[in-house]
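Here are my notes for you, point by point. Have the model open while you read, and click along as you go.

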Amino acid sequence: MVVVMRPEATAEDVDAVVARVESAGGSAFISRGVQRTIVGLVGDIAAFQSLNLRTMPGVGEVVRVSKPYKLVSREHHPEATTVQVAGVPIGPDTFTLIAGPCAVETPEQTLAAALMAKGAGATLLRGGAYKPRTSPYAFQGLGEKGLRILAEVREETGLPVVTEVVDAADVPLVAEWADMLQVGTRNMQNFALLQAVGSAGKPVMLKRGMTATYEEWLMAAEYIAQRGNLDIVLCERGVRTFETATRNTLDIAAVPMVHSLSHLPVVVDPSHSGGKRDLVVPLSRAAIAAGADAIIVDVHPDPQAALCDGPQALFGEDLTELAKACVDLPPLVGRRLVS
Ligand code: PEP
Ligand code: MN
């Protein structure tokens, strides 16, 4: 933290700032310029924040230099993290394909989607048992029954499961069945849920809130990390903009930008961002080229009959194209597809 004194500040004003900082256990380093004096603070930022330095005589500005998040920041942890999901890595040297149905509907549909995912090279299965829907009249997911179906399909296919939890009260149950817990865009700032998944002992995929800045997203991740869980992957899933042709606008810059701010892996969801089948493969290619550690893609054996997000689900030729992109492109950016 840095305190910038006003040009008219007196030596007594500067001394008073130093004394207040030292009374909070910090140290102050004074740099006297021609126009103004700057006081650099070293110590506990949280303690400095309660000192009300901004209101002291002669003080112009108090500027924070370090990031407000710590455990998830690059600053504090320069090396990129690899998160292991039941033995499947998501990290800097590899590229991981996560795929599956938007929602678990029936055992048959879930198994068929999982086999499609596996055939395309996926090593993790996605599928929602608890669905956060905009409309209360829309299919809300099968709940615990859906978790059991996912577990059966994991048995049959060997694919570990990523599934969403929408309520803090459900975390112990979902953690019992899932290999990775997903926090969705609508819950990115549900702090009770973040703390609950932080204590659940399972890796977490934290989707970006649809209007969240990178800093807000990383502060949300910090809630999880603060509970002792650093197995977090961040998922860019598109943000709300003025454009209506796509469901959301994929913020591709989030991949390199968040990699520079945080050591955590960054995943891209080309399905929920584009919202249209035709966009999924091009957006997936863009994500790989931008350096995504993984992508998470909706697939469905019969998209027309899907109870949730059919228009964005891949099948047939598009899935073949996706599989090809996942093999061909990662080596161009120094990665290999996890198989
Ligand atoms: C999902 O992945 O099923 C989902 C609901 O995504 P989002 O939270 O990004 O809308
Ligand atoms: Mn969906």
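**Notes on the model**

1. Start at the metal. The manganese ion (ligand 2) has Cys102 (SG), His272 (NE2) and Asp309 (OD) as its protein donors, lying 2.0 to 2.3 Å from it. Donors here are N, O and S atoms within 2.8 Å of the metal (3.2 Å for Na, K and Ca), and water is not among the atoms, so sites may look incomplete. Along the sequence, the donor residues follow the spacing C-x169-H-x36-D. His272 sits in helix α9 (residues 270-274) and Asp309 in the loop between β14 (294-298) and α11 (316-328), 37 residues apart, so this pair links distant parts of the chain. Helices (H or I, at least four residues) and strands (E, at least two) are DSSP runs, numbered from the N terminus.

2. Some housekeeping. This is a predicted model, where local features need pLDDT of at least 70 and side-chain atom pairs count only at pLDDT 80 or more, while totals for chains, interfaces and linings use all residues. Residues are numbered from 1 along each chain as its sequence is written, chains are lettered from A and ligands numbered from 1 in the order in which they are written, and side-chain values use heavy atoms, with hydrogens and water left out.

3. Buried means under 20% relative accessible area, exposed over 50%, partly exposed in between (1.4 Å probe, protein chains only).

4. Now look at strand β12 (residues 232-236). Five of its five residues are buried, so β12 is largely enclosed by the rest of the structure. Ile232, Leu234 and Glu236 lie on one side, Val233 and Cys235 on the other.

5. Who are the neighbours of β12? Strand β11 (residues 204-207) runs parallel to β12 and is joined to it by four bridges, with Leu206 partnered by Leu234. On the β13 side (residues 266-268), the pairing is also parallel, over three bridges, and Cys235 has Val267 as its bridge partner. Strands pair if DSSP finds at least two bridges between them.

6. Finally, the core. The largest nonpolar core has 59 residues, and among those touching the most other members are Leu206, Ile232 and Leu234. Helix α7 gives the largest share, seven residues. A nonpolar core is a set of buried Ala, Val, Leu, Ile, Met, Phe, Trp, Tyr and Cys residues joined through side-chain atoms within 4.5 Å.
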